[in-house]
Amino acid sequence: MKLHILLLLFTLGLLRVYSQDQVIKGKVTDEEGRPLVGATVAIKNTNISTTTDVSGNFQISSGGQLKPILVVSYVGYANSELAARPGGAFTVSLRQDAKALNDVVVVGYGTQRKRDVTGSTATVRADEIAKRPLVRVEQALQGTTSGVVVQSNSGQPGKSLSVRIRGASSITGSNEPLYVIDGFIGGNTETLASLSMDDIESLEILKDASATAIYGSRGSNGVVLITTKSGKEGKTRIDINPWFSKAEIPKKLKLMNPYEFGLGVNLQTKQANPTQTPPFFDAQLNDLKTTKGTDWQDAVTQKPWIQNYQVSVSGGSSNVRYLFSFNHLDQPGLLINSWYKRSTLRANVDVKVNDRLDLKFNVYTLLPNSRNNDFAGDITDPFAQAYQWNPISPIRDASGKFILQSNLGSNATNPVAQLTNGLNDNSGTTVVGTGVLNYKILKGLTFTTNNTYQSTNSLQQELYGPQTAQGIVGADFAAATTNKYYNWQNSNFLTYTNRFGDHSLTVLALYEQQVDQNIMVKATSTNLSTYGNGYYNLGVGAAQKTTSGYYKDVLESYMGRVNYSFQDKYLLTASVRTDGSSHLTNKWSTFPSAAVGWLISKEKFMENVSWISSLKLRAGYGVAGNQAVGAYATIRKVDGQSSTPYGNAGYFYDGTTLSVATPLGQPTTTTLKWERDATTDAGIDASFLHGRITLSIDAYYKKITDLLYAQPNPGWNNGGTYQNNIGSMENKGIEFAIGGTPLSEGRLKWSTNLTLSFNRNKVLSLAGIDSVVEGNIGSAQNGEVILVVGQPLGNFYGYKYLGTWKTHEAAEAASFVKHYVPGDSKYFDRNGDHDYSTSDYMVIGNGTPKYSFGWINDFSYGNWNLSFMIQGTHGNQIFSGTIPYAFGGEGDARNPTIKDFLNSWSPEHETDIPAMHPSNAHAINSSRFVYDASYVKLKNLSISYRLPHGLLNRAMIRNLEVYVSGQNLVTMTHYPGYDPEVSNANYGAHPAMAQGLETGVVPNPRTYTLGLRAGF
C-alpha cells in the first residue's frame, strides 16, 4: 500500500513538473493584425506575467495550471481573457476600447463624445480626485489641468480657494469660474461647500469662449461643470471612506528668543538715541539667557486632528437607480479656538418611467458650523500679533489672568486672549433640490426641463468683550446677523439628434431664467452690562442698533447650438446666446461662438502611420461676458454707510446731536453694460502608441472690452465711487498637457500627467486714464497696487529700495529735505527733488505667475500604489506685510521681533538692513518687502494597499484599500515668510489687482492622513 502511495505521489510530481515546464507562446495584435508592442500577458490568479516584444510575440509559463487562463491587456484596448493552449502558438486580437476612444464628456446642456469636442476643455475624473484627501472642489483642479491656476489663499478651515482659468478677466468683478453642479448654474460658497469629494463623478473645465459662450453673460472666467455620482444598476452597494489627518503649521518665522529680544531692544534704543540708557542692563540680559519666555507662534497655533467620514448606499434596477450619501467633516484650524464643521446629505435618484420619459431627482443638504475662521490677514489679527508680541511677556500673570498688553513689542492685545475670548460663530442650513425631466417626443427629438431651487438660512453671532482688543478700547459689542437667501433656476431645452449617411447633427434650443434674492437683518448691542449671556441676549447693552438689507436680481436667457460632423472627422460647433440682466442699464447682450475640428488620424493618408493613434486639430472663436457688478448698480441709493462696528450712520447737524438722515449715495452711470470677452483658440489633441501617450497643446488670445470699474467720484458730487465701463485688457498664452502610461510591464505600471501653462496679461486702455492706484488691504498699508496702461494686472506700487545709506554717502544723504544719515533707508529718488514722497512711487513687482505647472505620477505594483503630485508657479512675486511687521516700527509693532534685525546697519557693519534712526524713512510700500514667490510644492504623496479579492470574498467585502498620505509636505521657495501661496487678494474689493499681497495670512497646513476605502 505504501508503495502504491509513493508511486502515485511520484507520478503526480512528474505531472506537476511537466505542467510547470509547459510554455505558452503567442502573438498579440490589433484588429487590423498590427503587432502591439508592450502588451501585458498574465496567467489569471497567479503572479506570472510577461510583455510582448517588438513583433508582438510572447511566451509565458503556464504556472503549473492544467487549464491556464490568459489575461491580455493593452492601454486603449479592451482586456481579453481566453483559455491557453500549452505547447502551441496562437494569435490574440484586441479590440479598441470604445469607451476610451469615445469618452462622453459633459459640455453644458448635454454631452458629447470626447473626440468630437471642438472647444478647449479638460476633465478631472473621480479616480484622480480620490487620490488625495480633499475638502473642497477647487483643490481637485490644482495641478491637474493646464490653463488653470489654483491658489489656496489661506490656511483657515473651510475657506474657498482662488481659481483662475487663463488669467484674470475683470478688474472689478469676480474672476472665479462659473460653477455648474448637475445643471444648476452659479454654484456659490454654500453649494460648493456642500460637495463631498466622494460624491463627484467628474469635473469638466471649459476654457475657451467657443466652449463657454453657451453660458453667455457668466462664462468669461471659464466654466467648471460638476457631475455628481449616480447609482448603478445591480445589487445594493455600501461604500465607506473615513480618513483622519494631523495638521501643523508648515514653517515658523525665525524670531528672537528672550535674550536676543533684549539685545534687540537695546540696539534699537542705541540707534534712536546713543546717549540714552539701554532698557536692559547686563544682569538682566544674563537672566534672559536662562528665561524660556513665550513662543507666541506656538501659543496661538495647534496641531489638530481633522476627521472626515463618508458613507454611501447605491444600487438599483433597470428602471430605478439611487445613491444616498452622508458626509461629515470636522476640521479644527491651525489657530486655537477656530474650527469648521460640515455635514452633508445627498440623494440622487434616476427613474426610467417608460421608453419615452426619464426623471432625475437630486437633493442635498448642507449644515455648516464655524468659529473664528474669518481672519483675512491684517496687522491686528491674532496670527499677525503672534510674531509681533515680545517673547519676554508670559501669556498670563501669576493669578492666571491674561496679560492683555505689554510695554514692549506690540501695543495690541494679547493674541491668545483675543482668540480665546473673541467669538465669531457662523451656522446655517442650505437645501438644494434639482428635478430633471427628459421626454422623447419623437425619434431623435428630446425635451428636457431642469428646475433647481436653493434655500440658505445663515446666522452669524459675534461677541467681543473686555478680554479682547475691541473691549479694551471701549467698543465691546455683541451682534447677530441673519441672512435668508434663495435661488431658483428653470432651464428648458429641445435637443434634436440625427445621423444620415456621413452626416451627424445635434441641434439644441434653450430658454432659461434664474432669480436670486437675499434678505439680511443685523442687530448689534454695545457696552454690555454682563457677558454671562454671551451673544444670546443683546438687550443687556447700553445701546442697540438694527440694520437690514435686501437685493434681488433676475437673468433671462435664450440659446441655440448646433453640433455637426461629416464622416466623423470634420467637426463644427456653433452657438449663440442672448442674456438679459437686471444689473445693467443696457440689459441685453448677445454672445456668439463657433469652432471647427479636423480628425486627421481618420484620413486615408494616415492609415499606415501606426504610431499615431489619434490626431485632431481644432480652432474656435467666441464671445462671453461678465456682469461684474452687484444688483442695483444702475440705481442711485441712499447713503447707509456705517462708521462703527454697530452702524452709527447719520448726520450731526448741530455738531453734537445725531439726526436721522437719508442722504443720497454716490451717483450711477446711465450707460452701464456687459464686460465682453472675445477669445480665439487653436489646439492640437493627439495620442500615440495605441493611446499609451497623450498630448494636448492650446494657444489662445483673449481680449476683454468694456471693463467695469468703481471709478472715483468728485467730492462735490457726494464723493465715493460709481461703476463705469472704462477700458480693455488682454490675456494670451499657451498650454501643454502630456500624459500616458510610459511603463506597463507585468504587474508594474507607471502613469503620469504633466501640465504647463503660460499666460501674459496686459491692460490696453482705461478710457483716457493712464493709471489707477488701489490698495488699502491691511491696516498699515495704503495704495499698494497700481493699474497701468500697457502693463499687467497685479503690479505692486511703492519705493524702489536701494539698501541703506553708507558712510561714504553721508553728504548725499544729508542733502535730502529730511537730512538722512548713514544707516537710513535709501530709495530711488524718481523725480530728483531730494525728498521721498508718493511721487517717487513706481512699479516694484507683480503678483501674477509667468507660468504654472503640475506633475502627477502613479506607480502601481500588484496591489500597491504610490502616487505623488508636484505643483508650483514661477515668475510671481509677493508683497509681504508679515516681514515688515516683524521688523517693528509699523502700526502696532514698536520693537522688532525678527532675528534679522540684529544684523542691522552699524558703522562697523554696514548692511542693507536699516537702523531705527529717528530720521529713517521706514516705508512698508517698498521693494525691500517684495520677494520672489515662485515655489515648488510636493502637494501630495500617497501610498495605498488593496487587499486581495480572494481574501475579501470570504469576508463578503467587495473591496478594501488602506492608504496614508501627506499634503504640502515640502515647499521649495525663496520667500522668507510662512507660505508663498497665500494672499489677501480675495478679501479686497479688487482681487485681480491685489493678487500677491500678503499681510499676516494663516499659512496652508502640512497634513498627514490615514484613510480607508471599503465597499460591501
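Start by selecting residues 178-181 and 223-228: these are strands β13 and β16, which run parallel and are joined by four bridges. Strands here are DSSP E runs of at least two residues, helices are H or I runs of at least four, both numbered from the N terminus, and two strands pair if DSSP finds at least two bridges between them. Click Y179 and you'll find V224 of β16 opposite.

A word on what you're looking at: this is a predicted model, where local features need pLDDT of at least 70, side-chain atom pairs count only at pLDDT 80 or more, and totals for chains, interfaces and linings use all residues. Residues are numbered from 1 along each chain as its sequence is written, and side-chain values use heavy atoms, without hydrogens and water.

Stay on β13. Are its faces covered or open? Both are covered: L178 and V180 on one side, Y179 and I181 on the other, are all buried (under 20% relative accessible area, 1.4 Å probe, protein chains only). In a regular strand, side chains alternate between the two faces of the sheet.

Now jump to α6 (258-272) and α7 (282-289), whose axes come within 7 Å and cross at roughly 150° (lines fitted to C-alpha atoms over the stretch in contact, with angles from 0 to 180 degrees between N-to-C directions). That makes the two helices roughly antiparallel, the word for angles over 145 degrees.

How values were computed:
Angles under 35 degrees count as roughly parallel, over 145 as roughly antiparallel, 65 to 115 as roughly perpendicular and the rest as oblique. Buried means under 20% relative accessible area, exposed over 50%, partly exposed in between (1.4 Å probe, protein chains only).
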